[in-house]
Amino acid sequence: MEQAAYKGTKGEICHRFARGDGSIREVRHMLEPVYDNIEKIVRVIGIVQDVTEQKKAERELKDAGDSLLQSEKLAAIGRLSAGVAHEILNPVNIISMELQILQTMESLSPEIVEELKICMNQIGRIVTITENLKQFSRVPERKMSMADVNGVISHIMTLYDTQLKIEGIETEVKYCPDLPETFMDKEQIGQVIQNLIANAMAAMEGKEKKVLRITMEKETLQGGDNRLKIMVADTGTGIKDEHLRKIFDPFFTTKGQGKGTGLGLSISYGIIQDHGGEIWRSEER
């Protein structure tokens, strides 16, 4: 206002505010000075425009564009990965057979036997990575059925129970007993949850307080449709701002060498998209 009144500067700002009923609105304020015939500022005109719906539409359009771009990336990576995995596995299989032949030789010293074991272990890692690569090109047959997501989460937590205790991680799981059954592939949704738990555990390494929280709830969208929302949170290091746009990219990982392939979240993204859902990193704390 001061810049418009005393300097003749046009101004525009956008901000959010809470109304008395608790709803959040986004507004644009525009100010412009009015001059008389001797170029003296005599008044300032201000306009307040509610742009809540416009901003919402812009965000939805951006999210849709990002989702399409991510899907195209995964499709391209899938086509490339199928060929690469095939070409890698052929020589690896030959190397593996040769090493197995060497292991059967009786004249080998214990040191050489140990070195051969190390080589075989590393070949196993290569095979695992290439099999993960092939998941991008493979279109698995989904086993869709009506299932209780509470039961899926409970089963996964049982599988991780011992490991979580060893790592000293507290768990807070908030089930939602009144959730209706959901049409899904239980194994694939379970795989997504396992990937998220594994990432949470890695993020909490070295932390004094380790808490894994999983919450399920039913949300009602505009128009009356319902959706199931699953939130997985941890007290780990979090994600740096510069990494946020890359977390679903194939092969992107912030883990140390040998600790991750960078495929878990990409595969999870594809599974959730295939189920007609969304997966994102929340800003909530």
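This is a predicted model: local features need pLDDT of at least 70, side-chain atom pairs count only at pLDDT 80 or more; totals for chains, interfaces and linings use all residues.
Me: Where does N150 sit?

Reply: N150 belongs to helix α4, which covers residues 149-166.

Me: Which residues is N150 in contact with, leaving aside neighbours within four places in sequence?

Reply: They are Y175, C176, P177, L179 and M216.

Me: Now another Asn. Which helix holds N93?

Reply: N93 lies in helix α2, residues 52-103. Its relative accessibility is 40%, so N93 is partly exposed.

Me: What separation do the C-alpha atoms of N93 and I123 have?

Reply: Look at two numbers here. N93 and I123 are 30 residues apart along the chain. Their C-alpha atoms are separated by 8.7 Å.

Me: Next, salt bridges. How many does the structure hold?

Reply: Look for a side-chain nitrogen of Lys or Arg within 4 Å of a carboxyl oxygen of Asp or Glu. The structure holds nine salt bridges. In one of them, E32 pairs with K10, and the closest N and O atoms are 3.7 Å apart.

Me: Why does the pair of E32 and K10 tie together parts of the chain?

Reply: Check where each partner lies. E32 is in strand β2, residues 24-35, while K10 is in the loop between α1 and β1, so the pair ties together parts 22 residues apart in sequence. E32 is partly exposed at 40% relative accessibility. K10 is exposed at 60%.

Me: Which residue forms a salt bridge with E278?

Reply: R227 does, with the closest N and O atoms 3.0 Å apart. E278 lies in the segment after α6 and R227 in strand β8, so this pair ties together parts that are 51 residues apart in sequence. R227 also meets E219 in a salt bridge, at 3.0 Å from N to O.

Me: Which residues are linked in the network of salt bridges?

Reply: The network links E219, R227, K229 and E278.

Me: On to helices. How do I read a helix such as α6?

Reply: Start with the general idea. An α-helix has 3.6 residues a turn, so residues three or four places apart point the same way. Then list the buried residues. In α6 they are L265, S266, I267, S268, Y269, I271 and I272. After α6 comes G276, whose phi is positive, near 80 degrees.

Me: And strands?

Reply: In a regular strand the side chains alternate between the two faces of the sheet. Next, ask how strands pair. Strand β5, residues 170-174, runs parallel to strand β7, residues 211-220, and five bridges join them. V173 stands opposite I214 in β7.

Me: Do β7 and β8 pair in the parallel or the antiparallel sense?

Reply: Antiparallel, over nine bridges. E217 stands opposite K229 in β8.

Me: What lies between the strands in the hairpin of β7 and β8?

Reply: Five residues do. In this hairpin, G223 takes a positive phi near 100 degrees.

Methods:
Residues are numbered from 1 along each chain as its sequence is written. Side-chain values use heavy atoms; hydrogens and water are left out. Helices (H or I, at least four residues) and strands (E, at least two) are DSSP runs, numbered from the N terminus. Contact means heavy atoms within 4.5 Å. Buried means under 20% relative accessible area, exposed over 50%, partly exposed in between (1.4 Å probe, protein chains only). Two strands pair if DSSP finds at least two bridges between them.
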